[in-house]
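Subject: Structure for your files

Hello,

Here is the structure I said I would pass on. Please look it over before reading the notes below it.

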Amino acid sequence: MRFKDTIKLAKQALKLAKKNPMLYTEEEVHYMRISLRAAKESLKRKREMKRKGFSNEFSKTSNSDSRSGENNGVRSEGKQP
């Protein structure tokens with residue numbers, strides 16, 4: 001089942017349970033709340049990954065210095081023939 005469908009059904013069931021408390025047990029209501037929360041978090045994670053594309057937040061090149069061509073004393077200066 002899609003995340004949006006799960007969220008929609010859980011919300012409807014929780015509203016119905018609030019109107020008529022005899023319809024569901026406490027365990028069922030608790031399970032619906034947990035599933036609603038999990039579906040929302042999963043949908044949020046899915047959207048973030050989709051929006052990110054190919055970029056990776058844990059990439060080792062993201063912290064590199066963009067001025068790598070600058071003479072900072074590390075490179076030796078060779079003489080051209």
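This is a predicted model: local features need pLDDT of at least 70, side-chain atom pairs count only at pLDDT 80 or more; totals for chains, interfaces and linings use all residues.

Overall make-up. The chain has two helices and zero strands. It runs to 81 residues, of which 14% count as buried. Taking contacts between residues at least 6 apart in sequence, 48% join residues at least 24 apart.

Charged surface. Lys-4, Lys-46, Arg-47, Lys-50 and Arg-51 form a positive surface patch. Helix 2, spanning residues 26-52, gives the largest share of this patch, with four residues. Lys-4 lies in helix 1, which covers residues 3-19. With a relative accessible area of 46%, Lys-4 is partly exposed. Patch members need over 30% relative accessible area, so Lys-4, at 46%, passes that cut-off.

Side chains of opposite charge can pair when their charged atoms come close. The structure holds one salt bridge. It joins the side chains of Arg-2 and Asp-5, at 3.7 Å from N to O. Arg-2 counts as exposed, at 53% relative accessibility, whereas Asp-5 counts as partly exposed, at 31%.

Which residues would you look at to check the positive surface patch? They are Lys-4, Lys-46, Arg-47, Lys-50 and Arg-51.

Regards

Terms used:
Residues are numbered from 1 along each chain as its sequence is written. Side-chain values use heavy atoms; hydrogens and water are left out. Patches are made of residues with over 30% relative accessible area and no salt bridge: like charges are joined within 9 Å, nonpolar side chains (Val, Leu, Ile, Met, Phe, Trp, Tyr) within 5 Å. Accessible areas come from the Shrake-Rupley method with a 1.4 Å probe; for residues, only the protein chains shown count as cover. A salt bridge is a side-chain nitrogen of Lys or Arg within 4 Å of a carboxyl oxygen of Asp or Glu. Lys and Arg count as positive and Asp and Glu as negative; His and the chain ends are not counted. The place of a charge is taken as NZ of Lys, CZ of Arg, CG of Asp or CD of Glu. Buried means under 20% relative accessible area, exposed over 50%, partly exposed in between (1.4 Å probe, protein chains only). Contact means heavy atoms within 4.5 Å.
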